[in-house]
Amino acid sequence: MALGVILSSFGRALAQAGDRRFLRVLLIGLGLTIALLLGLSWLVVWGVGALVPDNVSLPFGRSIGWLDEAASALSLIGVLLLSIILMVPVASAFTGIFLDDVAAAVEDRYYPYLPAPPSLPLVETIRDSIGFLFLIVLVNAVALVLYFFVGPFAPLLFWAVNGFLLGREYFQLVAMRRLGRAGAIAARRRHGGVIWFAGILMAAPLTIPIVNLFVPILGAATFTHIFHALEDAR
């Protein structure tokens with residue numbers, strides 16, 4: 001039952017992947033993500049360059065004059081590696097700001113009989129998305145350390161962690177459009193297992209280059225279908 005709902009929801013989202021509103025949100029989310037990660041890279045390299053001295057004096061009159069350049073290069077490599085891991089989760093957070101457009105496109109096509117949902121305040125939407133951004137960066141930073149200890153099970157840990165976060169966030173944001181914050185939290189708790197499993201299926205393609213860029217939009221659309229399937233069946 002649950003697997004059928006998830007797969008049919010994903011199939012519908014995939015069939016609508018070429019929707020103009022989907023592509024608009026995709027481009028905006030990717031643009032903001034790239035700008036943030038580039039800004040973060042510049043800030044880290046600048047900060048390391050400012051903190052590490054140009055020359056370090058050694059005994060017997062010797063000195064090292066390349067230490068700041070080496071530190072800046074290593075810090076840049078570290079930020080780029082972290083950016084690869086966080087690229088899609090961060091894009092997901094930015095997508096949350098424009099989730100209403102994705103959900104509206106899905107409902108216009110598949111649920112035209114529904115009344116228009118009440119408008120969510122933009123400030124509240126941005127606040128929730130920023131909160132999700134900080135949460136997903138923090139959790140993935142901690143998980144990054146754990147990956148070294150779990151060895152070959154690192155992908156499973158990655159899918160489980162990001163599946164939980166993505167499923168929780170997407171479902172709640174979609175549900176808030178129809179049920180409000182309190183109702184969305186209650187619905188998320190009612191369907192926690194299904195939401196986590198669906199989130200894992202969304203998180204699995206995150207490790208596939210290029211494909212992972214489309215996950216935020218397809219995830220938002222998929223969870224719109226999942227929300228209606230689960231709540232309408234009550």
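This is a predicted model: local features need pLDDT of at least 70, side-chain atom pairs count only at pLDDT 80 or more; totals for chains, interfaces and linings use all residues.
**Exercise 1. Placing Ala-154**

**Exercise 2. The overall layout**

*Solution.* 

- Step 1: look at burial across the chain. Of its 234 residues, 40% are buried.
- Step 2: see how far along the sequence the contacts reach. Take the contacts between residues at least 6 apart in sequence; 79% of these join residues at least 24 apart.

**Exercise 3. A glycine in H6**

Find what Gly-163 touches beyond its sequence neighbours, and describe how H6 and H7 cross.

*Solution.* 

- Step 1: locate the residue. Gly-163 belongs to helix H6.
- Step 2: list the partners. Skip residues up to four places away in sequence, and Gly-163 touches Phe-158, Trp-196, Gly-199, Ile-200 and Ala-203.
- Step 3: Met-202 is 39 residues from Gly-163 along the chain, with 6.6 Å between their C-alpha atoms.
- Step 4: turn to the helix pair. The axes of H6 and H7 come within 6 Å and cross at roughly 130 degrees, which makes H6 oblique to H7. The H6 and H7 crossing is right-handed.
- Step 5: sort the contact residues of this pair by class: 10 are nonpolar, five polar and four charged.

**Exercise 4. H8 and its two partners**

Describe how H8 packs against H1 and against H6, and say which residues make each contact.

*Solution.* 

- Step 1: start with H1 (residues 2-15) and H8 (residues 215-232). They pack at about 130 degrees, with axes 8 Å apart, so H1 is oblique to H8. The crossing of H1 and H8 is right-handed.
- Step 2: name the residues. H1 brings Val-5, Ile-6, Ser-9, Phe-10, Arg-12, Ala-13 and Leu-14, while H8 answers with Leu-218, Ala-221, Thr-222, His-225, Ile-226 and Ala-229. By class, the H1 and H8 contact splits into nine nonpolar, three polar and one charged.
- Step 3: move on to H6 and H8. Their axes come within 8 Å and cross at roughly 45 degrees, so H6 and H8 are oblique to each other. The crossing of H6 and H8 is right-handed.
- Step 4: pick out who meets whom. Residues on the H6 side include Gly-167, Phe-171, Val-174 and Arg-178, and those on the H8 side include Pro-216, Ala-220, Phe-223 and Glu-231. The contact of H6 with H8 has 11 nonpolar, four polar and three charged residues.

**Exercise 5. The nonpolar core**

Find which residues of the largest nonpolar core touch the most other members, and which element gives the most residues to this core.

*Solution.* 

- Step 1: The core holds 43 residues, and Phe-22, Val-102, Leu-166, Phe-171 and Phe-223 touch the most other members.
- Step 2: assign the core to elements. H1, helix H2 (20-51), helix H4 (99-110), helix H5 (122-150), H6, helix H7 (192-203) and H8 are the elements that give two or more residues. H6 gives the most, with 13 residues.
- Step 3: zoom in on one member. Leave aside the neighbours within four places in sequence, and Val-102 is in contact with Phe-22, Val-25, Ile-217, Ala-220 and Ala-221.
- Step 4: In soluble globular proteins, nonpolar side chains tend to be buried together.

Technical notes. Residues are numbered from 1 along each chain as its sequence is written. Side-chain values use heavy atoms; hydrogens and water are left out. Axes are lines fitted to C-alpha atoms, for helices over the stretch in contact, and angles run from 0 to 180 degrees between N-to-C directions. Helices (H or I, at least four residues) and strands (E, at least two) are DSSP runs, numbered from the N terminus. Angles under 35 degrees count as roughly parallel, over 145 as roughly antiparallel, 65 to 115 as roughly perpendicular and the rest as oblique. A crossing is left-handed if the near helix is turned anticlockwise from the far one by less than a right angle, and right-handed if clockwise. Contact means heavy atoms within 4.5 Å. Ala, Val, Leu, Ile, Met, Phe, Trp, Tyr, Cys and Pro count as nonpolar, Asp, Glu, Lys and Arg as charged, and the others, Gly among them, as polar. A nonpolar core is a set of buried Ala, Val, Leu, Ile, Met, Phe, Trp, Tyr and Cys residues joined through side-chain atoms within 4.5 Å. Buried means under 20% relative accessible area, exposed over 50%, partly exposed in between (1.4 Å probe, protein chains only).
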